[in-house]
Amino acid sequence: MTQKDIPPGPSALDRQLVAFRELVRGELARLAYMAPWEYRVAKVRAPSAQEPRVLLDVTSTTTDMPDLIKCPLRRSMFGGYAIPKVGSSVVVMFLNGDPTKYYADSLDPISDVDIAQVLAASKIRLGASGSAAAARKGDTVHGGFILVSGGGTIIPPSTAPGAHLCYPATPAGLSAAQTDQGANPGSGILALGSITDITAGFGTVTGGSSKTEIE
Amino acid sequence: MSAYAALNGTLRIISGTISIPYYGIWVAEVVLALTAEIPAMVTLGVGNLSLKGAVYRSASYAGARSALIVGGAGGWNDDVGPASYQNDSGILLSLILGDVAKAVGETVQVATDTSVGTAFVRRRGPAVNVMRQLAGDTWWMREDGTTIVGPHPTTTITSPFTLESFSGAKGSYSIASESPGDWMPGAIFQAPTMGDPRTVSYVQHTLENDGTVRTEVLATS
């Protein structure tokens, strides 16, 4: 509170009241640091390896408080933080009312943030009962073998060496020359019966959401 | 010729009181044998007591002038604007208090300088509030008007004095001394009739019209 908080009127003319008020406010000067103060973002310092915090240079919206530099942005309950836009408002508070420990707390209720970042030491879980692992573009994943029942037919395109299907071993019904192990496979026709099982194999995820990035 | 009790050595004090607290700033209310304006900055002298202060309020009436005098430059009650400090290496207490003192014309001396942290926010308000926030109950005003942050010097009163009375209820002592300057907060005194030594917590000198000085002392315990 400051002198301007005193409403104009007879109270300002009461010297004893003014003196008493100053005395009380002097003893309770720390109370002012227990209030939330409105500031505007002037500059954003994004986190780095040396400084993991988001630091803001902020401008006071009142004449009672100074502009601040390197005001740490406090993270949310789930470890996330946002990079606010320059010009947006933030609320600055003081830990335990201590003028040496200020931090930015709440962001602008209207302005969008530039980046919203969620960090977690071990796991980020989306959904109330999420338990399936999410894959990212570029990750190596299990693709799987397809096992069939009811038999199938393989029609090789040719019996000429170098144009045959490749097999890890010579299957029944084909000569060793037809398998042409080690050479590039040629095209042919694979006819399968019913799919009965899929077992582990390897492949690559080649697509992902354009609106979600997970590091 | 200078008077026993005077401002600036020549402006004779007819009567008054001088209150010197353990922490904070001393104040004096004096009546002078003149009606003319007095300087804004004065040295209040009573015997060997010499205090530098500033006139806070003054007016003349019925052939005399009375004045309220506060220790130092009288600036601690002035407002200072907001300011912020940020230094990853730490910010010294003396820097913050030195800045605020300079802004209001005062001087400050920090006995043991320390870092208050890597940041500090000074809001608009009376300069003394910054002192209260950072120095707490450790600051007082030396006779020369310098604000000291730290303990009082430990001295023992060796000049002669008479213990005229002692109020056990108030914990106050009435002293008669020719050396009022020796009676400062933090000083240790002892008399044959009072038992253990005591430390001065608060002093009030009362200057009577008849030229006598009565000293009331509160002990720290």
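Q: Which residues of the largest nonpolar core touch the most other members?
A: This is a predicted model, in which local features need pLDDT of at least 70 and side-chain atom pairs count only at pLDDT 80 or more, while totals for chains, interfaces and linings use all residues. Residues are numbered from 1 along each chain as its sequence is written, chains are lettered from A in the order in which they are written, and side-chain values use heavy atoms, with hydrogens and water left out. In soluble globular proteins, nonpolar side chains tend to be buried together. A nonpolar core is a set of buried Ala, Val, Leu, Ile, Met, Phe, Trp, Tyr and Cys residues joined through side-chain atoms within 4.5 Å, where buried means under 20% relative accessible area (1.4 Å probe, protein chains only) and exposed means over 50%. Here the largest core has 57 residues, of which Leu7(B), Ile18(B), Val30(B), Leu44(B), Ile69(B), Trp183(B) and Phe189(B) touch the most other members. A second, separate core of 20 residues includes Val41(A), Leu56(A), Val90(A) and Val92(A).

Q: Which residues of helix α1 of chain B are buried, and why do they lie on the same side?
A: An α-helix has 3.6 residues a turn, so residues three or four places apart point the same way. Helices are DSSP runs (H or I, at least four residues), as are strands (E, at least two), numbered from the N terminus. In α1(B), residues 93–103, the buried ones are Leu93(B), Ile96(B), Leu97(B), Val100(B) and Ala101(B). Because they cover an arc of only 125° around the axis, they are on the same side of α1(B); the arc is that of the directions from the helix axis to the C-beta atoms. Lys102(B) and Ala103(B), on the other side, are exposed.

Q: How many cavities of 30 Å³ or more are there, and what lines the largest?
A: Rolling a probe the size of a water molecule over the atoms shows where empty space is left. A cavity is a set of points on a 1 Å grid over the protein atoms alone where a 1.4 Å probe fits but cannot get out, and lining residues have an atom within 4 Å of a point. The count comes to 2 cavities of 30 Å³ or more. The largest has a volume of about 40 Å³, and its lining includes Trp26(B), Trp140(B), His152(B) and Met184(B).

Definitions and conventions. On a 1 Å grid over the protein atoms alone, a cavity is a set of points where a 1.4 Å probe fits but cannot get out, and a pocket is an open set with protein on both sides within 12 Å along at least five of seven lines; lining residues have an atom within 4 Å of a point. Grid points are joined across faces, edges and corners, and a volume is the space filled by probe spheres set on the points.
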